[in-house]
Amino acid sequence: SYGIASVLTIQDNEIFKGIPIEEYIHTNFQHPAKSPQLQKLITRFNTIAKWVATEIVTTANNKERLSLLKKFIDVANILQSFNNYNSMIQILCGLESCSVSRLKNTWRGLSLDDEKKYEELKILLSLENNSSAYRRAISQADLPLIPYNALILKDLTFLEEIPTFIDEASNIININKLKAIGQILLALLKAQQSPYCLPMPSKQIQALFREPIYIMEEAKLFAESKKIEPSHSETPTNLTTRQTIFSALAEKISKKSEDTKIDITSPRSSTITNPSTQSAPTGRWKKKSNSNTTNQQAKTIELAKANKLNKSDDLKILNSDGIPIIITSDEEFYKNNNNNHNVIYRRSLNTSTLAPNSVNLFDAAPK
């Protein structure tokens, strides 16, 4: 486990420290041609996440699969101790992918200690309060470190679209916007310039990552997963993982997060604040309405109410593709509605795997 964590850190750090700071500014990160080194890190993230899922679902023996699952949890823990949050989240994304997370018979084999380790790691994946758990951890981490790149891109996207001039007529510069961007870039530079001093992994471990890594695409991963545990009826598109969120950020980074706003216009503040305390933004930040989605929401809510489900249940609605989905840990409810593609059963509901715009079912009720 230590050797795998070491080689992942060494290789990721080589890519990370090789990213010119120019690729992070002036929205260059939105254009692959202008950010080739950054694209390598994004591709690497998705490759390792899929590799983790591939290794698990292609292991036919349940005992060996459980052993592999434990090993990846150990690797993620060691990566956290290295302050390599980007690689740690790569591993967690592979474990949280629908092809792996649905293997409940395998997950049941974890010891209480391993379950506790995993749950503690997943806290860092939580999107609640603008990813406050991760932000708190990274603020307390010592150098060297590798930050979670997707969150940096999200923050920079947010800042870049705030007007640079408070008053264009008088050319008054929004100094707080520039300060906030500068703070992010300075932290990146410090991280890039702090080398890791890790022992060289064994030749066997190095060889594993020197050759092209064999990975499967999501549809094939899910098919292999179904061979192991064929009892579930969910489909690969039913669940949204942080891996796909990362990909979406890379491909459509200009889309804004609806979780928070940054108050940059105030001469005394450049902090991230709750949008409920400020006026609603306009333009691309404005939420689009969809009558078809509203009708689907109404039908889904009607189904939930008919079964007397309420806010205290493991019940959420996903709008990532405009299709509402109930995710529940109530097995009886799932069995009664398993022909309905809007209902998915989870061993336990983990809100960190939901899309950023997931909302409580009843809060989404059409007016």
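Among contacts in this protein between residues at least 6 apart in sequence, 71% join residues at least 24 apart. Contact here means heavy atoms within 4.5 Å.

A word on the source. This is a predicted model, where local features need pLDDT of at least 70, side-chain atom pairs count only at pLDDT 80 or more, and totals for chains, interfaces and linings use all residues. Residues are numbered from 1 along each chain as its sequence is written, and side-chain values use heavy atoms, with hydrogens and water left out.

Now the overall picture. The protein has 15 helices and eight strands. Both are DSSP runs numbered from the N terminus: helices are H or I with at least four residues, strands are E with at least two. Of the 367 residues, 49% count as buried. Buried means under 20% relative accessible area, exposed means over 50%, and partly exposed is in between, with a 1.4 Å probe and protein chains only.

Leu-95 sits in helix H4. Buried or exposed? Leu-95 is buried, at a relative accessible area of 0%. What does Leu-95 touch, leaving out residues up to four places away in sequence? The list is Val-52, Ile-56, Leu-69, Phe-72, Ile-73, Val-100, Ser-101, Trp-107 and Tyr-118. Take Val-52: 43 residues separate it from Leu-95 along the chain, yet their C-alpha atoms are 7.0 Å apart.

Next, the rings. How many aromatic pairs does the structure hold? Six. The rule covers rings of Phe, Tyr and Trp, using the six-membered ring of Trp: they pair if their centres lie within 6.5 Å, and planes under 30 degrees apart count as stacked, over 60 as edge-to-face and the rest as tilted.

Tyr-2 and Phe-82 form one of these pairs. Their ring centres are 5.4 Å apart and their planes lie at 90°, so the pair is edge-to-face. Tyr-2 belongs to helix H1 (residues 2–17), and Phe-82 to the loop between helix H3 (62–81) and helix H4 (85–96), so the pair ties together parts 80 residues apart in sequence. Tyr-2 is partly exposed, at 42% relative accessibility. Phe-82 is buried, at 11%.

Then there is Trp-51 with Phe-72. Again the centres are 5.4 Å apart and the planes are at 90°, so this pair is edge-to-face too. Trp-51 is in helix H2 (residues 36–57) and Phe-72 is in H3, so parts 21 residues apart in sequence are tied together. Trp-51 and Phe-72 are both buried. Phe-72, remember, is also on the list of residues that Leu-95 touches.

Ring pairs also link Phe-45, Tyr-85, Tyr-134 and Tyr-148 into a cluster.

On to helix packing. The axes of H9 (residues 149–160) and H10 (residues 175–192) come within 10 Å and cross at roughly 160°. That makes H9 roughly antiparallel to H10. Axes are lines fitted to C-alpha atoms, for helices over the stretch in contact, with angles from 0 to 180 degrees between N-to-C directions. Under 35 degrees is roughly parallel, over 145 roughly antiparallel, 65 to 115 roughly perpendicular, and the rest oblique.

The crossing of H9 with H10 is left-handed: the near helix is turned anticlockwise from the far one by less than a right angle, while clockwise would be right-handed. Which residues make the contact? H9 supplies Ile-152, Asp-155, Leu-156, Leu-159 and Glu-160, and H10 supplies Lys-177, Ala-180, Ile-181, Ile-184 and Leu-188. They divide into seven nonpolar, no polar and three charged. Nonpolar covers Ala, Val, Leu, Ile, Met, Phe, Trp, Tyr, Cys and Pro; charged covers Asp, Glu, Lys and Arg; the others, Gly among them, are polar.

Now H3 against H7 (residues 112–123). Their axes come within 10 Å and cross at roughly 50°. That makes H3 oblique to H7. This crossing is left-handed. From H3, Lys-70, Ile-73, Asp-74, Ala-76, Asn-77 and Gln-80 meet Asp-114, Lys-117, Tyr-118 and Leu-121 of H7.

Last, some backbone details. A cis peptide bond joins Leu-143 and Pro-144, with omega about 0°. Pro-144 is in the loop between helix H8 (128–140) and H9. Thr-27 is not a glycine, but its phi is positive, near 55°. Thr-27 lies in the loop between H1 and H2 and is partly exposed at 21%. Ser-131 also has a positive phi, about 55°. Ser-131 is in helix H8 and is buried at 3%.
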